[in-house]
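User: I am new to this structure and would like to know what stands behind the terms used for it. Please show it to me.

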Amino acid sequence: MSIEWKNTPAAIWRQLKGSLRAVRTIDPIRLDQLLGIDDQKQTLVRNTEKFIAGLPANNVLLWGSRGTGKSSMIKALLNEYFDQGLRIVEVDKDDLVYLPEIVDEVRDQPQRFIVYCDDLSFEAGEKTYKALKSVLEGSIESPPENVLIYATSNRRHLMPEYMSENLTSQVVDTEIHHGEAIEEKISLSDRFGLWISFYPFNQDRYLEIIDHYFQDYEGDRKELHRHAIQFALQRGGRSGRAAFQFYKNSVEK
């Protein structure tokens with residue numbers, strides 16, 4: 001059964017059924033709720049608005065520290081631009097081998113589709129990235145103009161990098177020429193025309209987000225900050241996710 005995309009905001013690929021499942025209840029996150037990442041938001045919004053307008057736009061790799069809003073930003077785009085024809089198809093990394101079939105499902109639709117892959121990375125020996133390569137730049141058939149790939153990852157080059165691979169690099173006329181193993185890894189991430197970097201929050205930025213969530217807090221704010229910092233340390237680092245989790249943990253009935 002085909003999806004009625006006019007009123008359906010998103011779909012998820014289900015491997016066992018070999019089809020897309022419509023998603024009608026989506027995360028309500030909005031762009032203005034994502035704090036401390038204004039530059040990244042501006043860059044992604046500009047690219048997305050060009051895509052919706054039918055102008056040249058890039059596939060995007062959002063990479064960097066966990067909990068900094070990479071995935072939430074993509075979800076927020078859907079809430080912002082659904083009425084302008086934006087739709088999202090979520091594909092698990094292990095299902096990327098079906099990516100050509102998934103793209104075929106939407107290439108003739110009037111809407112604009114972001115194929116979204118969260119936490120994208122590949123281990124040594126995995127070959128599923130080859131399907132991603134062909135969709136990013138096309139094979140004998142050009143990529144459809146109504147589809148872009150947005151992926152999030154903790155790795156800039158999507159694959160593990162080993163010190164031994166650097167031994168094959170050479171300097172020729174002051175230019176670095178990487179060995180085949182490194183070139184293969186770089187060639188995948190290079191197919192994303194836009195890289196957006198996310199970095200760990202410093203303490204001041206983290207506490208700014210805490211104060212945003214606790215705008216009406218009437219207690220000792222220094223004590224609140226102390227508990228928030230302690231919570232972040234227990235979670236392994238300061239991030240927007242940690243700030244929101246602390247807020248939810250602190251809200252009384």
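Predicted model: local features only at pLDDT ≥ 70, side-chain atom pairs only at ≥ 80, totals over all residues.

User: Why is Val45 called buried?

Analyst: Buried means under 20% relative accessible area, exposed over 50%, and partly exposed in between, with a 1.4 Å probe and protein chains only. Val45 has a relative accessible area of 17%, so it counts as buried.

User: Which residues does Val45 touch?

Analyst: Contact means heavy atoms within 4.5 Å. Leaving aside residues up to four places away in sequence, Val45 touches Leu31, Leu77 and Tyr81. Val45 itself is in helix α1, where a helix is a DSSP run of H or I with at least four residues, and a strand is a run of E with at least two, numbered from the N terminus.

User: How do you know that β1 and β4 pair?

Analyst: Two strands pair if DSSP finds at least two bridges between them. Three bridges join β1 (residues 10-14) to β4 (residues 86-90), so by that rule they pair, and they run parallel. Ala10 stands opposite Ile88 in β4.

User: What makes β2 and β9 edge strands?

Analyst: The open sheet has seven strands in the order β2-β1-β4-β5-β6-β3-β9, with mixed pairing. β2 (19-23) and β9 (194-198) each have a single partner strand, so one side of each has no neighbour in the sheet.

Key:
Residues numbered from 1 in each chain as written. Heavy atoms only, no water.
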